[in-house]
Every structure is written in structure tokens, then in C-alpha cells.
Amino acid sequence: MSAENQNFKVNVKTEIGRLRKLLIHSPDSGLGKVVPSKAQDWLFEDIVHLDTIRKGEYDYYIKLLMYFLDPEKIKGKLAKIDSEEDNRNFYKPNHPDFHNSTSVIEIQNLLSEMLENESIRKKLVAAVCAIEGCTYKVQIELTNTDPKQLAEIFISGTLANDTMIFAPIPNLIFTRDVGTTINNHILLNKPAKKARVRETLLMRYIFFNHPLFDDYRNNILEIPDVTMHFLRPGDEPAFSTTLEGGDVMMVSPNHVLIGCSERTSEHGANEAIKLLFDNDVVEKVTVVKIPSKRDYMHLDTVFTQVKRNTWVILNSIAHSPKYNPYEPINFLKEPEKLEATTAIQFTKANPQEPKHFEHVEALLNDISQNDLKSTEPTKIIYSGNNQFPYDSREQWTDSCNLLAIKEGVVLGYDRNDKTVDAFKDAGFNVIDVKDLIQDLESGKANAETITDTLILIPSAELSRARGGFHCMSLPILRDDL
């Protein structure tokens, strides 16, 4: 990828500008090694069928990204790419026939390219072996392993002979969580769960050492632990400094949202705000505190942006539960703070006087109308078409976790039927990814002219992993609006 380094740019100013480059990670063999007894420790609710998640689901995501971001790699070649003889080689990171796109960038490739440097390889092997508790002999063996194979081992936890030497990192498919592009900076995560420590380490090494990011090393922001953090009590969440990329949204050139959630703590949000203001990255940061529940996990699991005036959201997050003052229970016990959602906006110019929003919907309207200068009224599309129990059921299967490939054109799961109805009611076209790919290949559809469309991608296995296409993408370059 070195030939492209001179033209490589990192710049994301909104959630919906035309997507040009992103980091992804295709489902690796580690996903097929998640065992029921460890699934929740490894942050999976279930075990997935690897062959189906690849061939029947994720491959369509890659194909669609190619038609929009790197059409020369796929247009006119689809029949051969998907032929039985080619055996999915186009989708396999270590294969000579892998697509090697410089727009749809595979993290495993970046890792193996970086590991070609012997000095970096030794350091990273030592670091991985330290956090995984490997023997010194294993460390020496890994140091002498071919870089491509070593990258695979680091991700899958498995040697070439199929022996597992440490746990897989199946969550690496959710590349959004390792960092967020904010203008021309990258804010790295600080994970809440042990299962994500190795992937964070790998990504930190990539961002600081891969030649692709040479010009941006001074723009990579790492969240420090607070002073004397080692004196805090144990691993209690209330005292932790954590932040994950699914809780960070770049909504306008000078405005970032940070969610306080199950995975991002108040201390993490606080440190991120100071970093962003001290480095003159943005002028405003709004902290959205959502219930700290596994149901929600990250900010992008409860809402994402579709157009400058359109958002998809879970209604109970948009509007916190209203308490009836005439109910005796309100005099008998405090309201459940766990269920409340608040939005507090801090400005670099006046951080000590934050602005409070009545509810999240008011915040989204403010972003659309004032930050993005929408000329149309703000539209809210509700998960499950705001019908019980479909609202919660479909949010659980990522109805709100959509990736905008350009303004108004978003990718989502095919299983969220009521949310699909809500998109149709809002005037959106809805199309199955298989049909759209055929239309893009034949020329019947044009990636440049498609508008206001929800593209549905198969999701029976992907949805078990608890993350949608917003989670499975780390945009590093978008056009300005």
C-alpha cells in the first residue's frame, strides 16, 4: 500500500458525508472458535456459524462497499469473483487473489505489513505474550513466524496446526470500537472489557507504526488513566477510565458526541473532552448518558444518523420515561436513574457552563438544524416503528446501528421488519443487497446517483454477534457535506 501513502488522507467531519475509505476486518477463524462457556466473556451472546456469516452475509457487505468505494476492483468481474473455482479468494486476507483495496482496508493486511519490520515484530510479540501470559519459548517461536501467519495468530489465537494458544478476539470485526476519526485526528479507545485488550494493542501499534499513517502520528489521541489511578479501588466501573469507539460520533465539523454507557465511563468521557479541547480538534462535545445495560452497550446501538435531517433511534432513548407525580410510588422511592437518558453539551470556550438538553431528540434536532443547517424539518425514524415489543426486539438486532455510505443511503439488517416499514413510511426506498449488487453490476443502478435508500443485508448469523454495520466500520475518510 506504500504507493498510495502520498495520497492517503484521514478526515471525517460528519457521520453521513460520502464514504471514501474505511477500515474493516473480515470474519476470521477466531469467530468459529467461540465456545458457549466463554461466549459472554468474549462479549458474544451466542456462537455463530462461520461459513454462513462469511459466504451468506459479510461477503455482501464487502461487495457493496467495493461498488461504492472501489468499483474498479469488482465491476465487470463479479461472476468470476463469485465463481466456485475462485473459492472466495477475493475475500481472504492472506490469499494472493485478495482484493487488497486501498479504500476498503483490511486490518489483518495492515497488521501483517507492519510485522515485516523486525524491530516492531519483536516488540509486539513481547507485548502480546505479556498480556496473554505466554511462555518465553512461545514468544521466541512467534517472533520467528512469517508476518502474514503471525498476524493471523494474533487475531485468531490459533497456530497453523490449529492449536489454540490464547483466546480469539472475535470483536475485531467491530472495527468502530477501536477508534474514531474526528476531523484529521484519530481518538483511540480504552476498552472496558479484558476481551478487547489485545485488539486495542494491535490497533495502537498499527496506527503508530504502519507507514500508511506516517503523516498522522501526531494526530493520534490516546486517553490516559487519571493521575494515581492505581490507588483506586479494584476494577469497579465507577472508578474506571474507559472509552470505546461505538460511543463516539463525529456529527459535524466542530461537534462530537460521546456516550456514557456500559462500555464508556464518565471518567473516560472526561479525559476525551480534555484531549479534544486541548488539541483544538473540536469546539463542542455533547455527552449522552444512556442506561448502563447490555441491551444498549454503545451509543450507536440506540441511534445513528441517516441524513442531515433524519435519524433512527429507539424511542425510550429519545425520550426518557415520564414519571407521573400523582403515583404514590414517587414518594416512596427514588426514580430509577438507570433508565434515564441525559444530554449535556460542553464548549471549549466555556466548559464550566454546559448546556442541558430536555431529551436526546432535542439534541438531534439541534444538530440537524443548527450544526448541519438543514433546510427541512428534522425526521425521527423509530426502531420497530415505535411498536411494542418490536421496538426493543429490533433494537437488540441492530435496527438503530446503520452505516451511512453517503447521505441518505444506509446499510442495515434484513430482519428488522417493523423498522423497515418505518423507513418506507418516511419516504425511503428499500432494496435487498443481492438485487442492488446485480443492478450495480449490470449498470441498471448507479452508486453516484442512488438516494434515500435503506439497503438490507442478510443477518441471521451477524446479528448474533450483537453489532450492526456502524459497528463493523471505521471510516477514515468522508467527503464534506
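**Briefing: a surface patch, a buried histidine and the cysteines**

Phe 331 lies in helix α10, which spans residues 329-332. The model is a predicted one.

**Surface patch**
- Phe 331 has a relative accessible area of 71%, so the residue is exposed.
- Together with Ile 329 and Leu 332, Phe 331 makes up a nonpolar patch on the surface.
- The accessible area of Ile 329, Phe 331 and Leu 332 together is about 390 Å².

**His 298**
- The loop that connects β8 (284-289) with β9 (303-307) contains His 298.
- His 298 is buried because its relative accessibility is 1%, under the 20% cut-off.
- The side chain of His 298 makes a polar contact of 2.8 Å with the side chain of Glu 244.
- Leaving aside residues up to four places away in sequence, His 298 touches Asp 177, Arg 196, Glu 244, Gly 246, Asp 247, Ser 261, Arg 263 and Ile 290.

**Cysteines**
- The number of disulfides in the structure is zero.
- Cys 134 takes part in no disulfide, and its nearest cysteine sulfur belongs to Cys 129, 4.0 Å away; a disulfide would need the two sulfur atoms within 2.5 Å.
- With a relative accessible area of 21%, Cys 134 is partly exposed.
- Cys 471 is likewise in no disulfide, and the nearest cysteine sulfur, from Cys 400, is 11 Å away.
- Cys 471 has 3% relative accessibility and therefore counts as buried.

Definitions and conventions. Residues numbered from 1 in each chain as written. Predicted model: local features only at pLDDT ≥ 70, side-chain atom pairs only at ≥ 80, totals over all residues. Heavy atoms only, no water. Helix = DSSP H or I, 4+ residues; strand = E, 2+ residues; numbered from the N terminus. Buried < 20%, exposed > 50% of the residue type's maximum accessible area, 1.4 Å probe, protein only. Polar contact = N/O pair within 3.5 Å; in protein donor to acceptor, adjacent residues only side chain to side chain. Contact = heavy atoms within 4.5 Å. Patch = residues over 30% accessible without salt bridge, like charges linked within 9 Å, V, L, I, M, F, W, Y side chains within 5 Å. Areas by Shrake-Rupley, 256 points an atom, 1.4 Å probe, with all protein chains shown as cover. Salt bridge = Lys/Arg side-chain N within 4 Å of Asp/Glu carboxyl O.
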